[in-house]
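Please open the model in your viewer and keep the sequence panel beside it.

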Amino acid sequence: MNILPISGSEIVVRKLPFMTAAVLLAAAMLASGCQQPPQTSYSRDIQPLLKSHCQDCHVPGKPGFESSGLDVSTHAALMKGGKYGPLVMPGNALASTLNALVEGRAHPSLRMPHGRGKLNDEDIKKLKDWVDQGAKNN
Ligand code: HEC
């Protein structure tokens, strides 16, 4: 007795185009490196972000630089860090003070940008990805 409206072989035939599509899609995703976060760029993503959100305080003569020693205007200055040493640990956003402060992982009085609204999630993620990808001058 056959209680199914269609026979087993018909099911296989009907599913085939879908399975072919799924395999092709998986192959395409692997080929395009879809698994990895997109490569961030210092000059395209990070410098403009630091310029608009941090640079009015973190250059010589401004309060952020005067109290912390951190100058964010160039890649070299950013990597040098503050008066207590580096604030960016290439490859490790979790251990980087800079990321901890913009993510609000440190004491609330130390959130950056100092005394202003939090960065948006997209900017926070860009900083994290950039540091995790090696904080390159790319
Ligand atoms: C309104 C001024 C201001 C802005 C804008 C600002 N900062 Fe700061 N920043 C400070 C001050 C002042 C300090 C010194 C610590 C304190 O007094 O809280 C500081 C300290 C820091 C420190 C800690 C340095 C250390 O030695 O521990 C980091 C990292 C930092 N800022 C990163 C940033 C980043 C990244 C941005 C932009 C997203 C930013 N700041 C925006 C004023 C500012």
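At roughly what angle do the axes of helix H2 and helix H6 cross? Select residues 42-53 for H2 and residues 121-132 for H6: their axes come within 10 Å and cross at roughly 125°, where axes are lines fitted to C-alpha atoms, for helices over the stretch in contact, and angles run from 0 to 180 degrees between N-to-C directions. H2 and H6 are therefore oblique to each other, since angles under 35 degrees count as roughly parallel, over 145 as roughly antiparallel, 65 to 115 as roughly perpendicular and the rest as oblique.

Before going further, note that this is a predicted model, in which local features need pLDDT of at least 70 and side-chain atom pairs count only at pLDDT 80 or more, whereas totals for chains, interfaces and linings use all residues. Residues are numbered from 1 along each chain as its sequence is written.

Keep the two helices selected and show side chains. Tyr42, Asp45, Ile46 and Leu49 of H2 meet Asp123, Lys126, Leu127 and Trp130 of H6, a contact being two residues whose C-beta atoms, placed from the backbone, lie within 7 Å. By class, this contact of H2 with H6 has five nonpolar, no polar and three charged residues (Ala, Val, Leu, Ile, Met, Phe, Trp, Tyr, Cys and Pro count as nonpolar, Asp, Glu, Lys and Arg as charged, and the others, Gly among them, as polar).

Next, select the ligand and the 24 residues around it, of which Cys54, Cys57, Gly64, Gly82 and His114 come nearest; a residue is near a molecule if its C-beta atom, placed from the backbone, lies within 6 Å of it. The elements that give two or more residues to this shell are helix H3 (63-68) and helix H5 (97-103). The shell around the ligand divides into 13 nonpolar, nine polar and two charged residues.

Now move to proline 113, in the loop between H5 and H6.

Continue to alanine 135, in the segment after H6, where phi is near 50°, a positive value in a residue other than glycine. Alanine 135 is buried, with 24 other C-beta atoms within 10 Å (buried is 20 or more such atoms, exposed 12 or fewer, and partly exposed in between, with C-beta atoms placed from the backbone).

Finally, select the whole protein chain, which has six helices and zero strands; helices (H or I, at least four residues) and strands (E, at least two) are DSSP runs, numbered from the N terminus. Buried residues make up 21% of its 138 residues.
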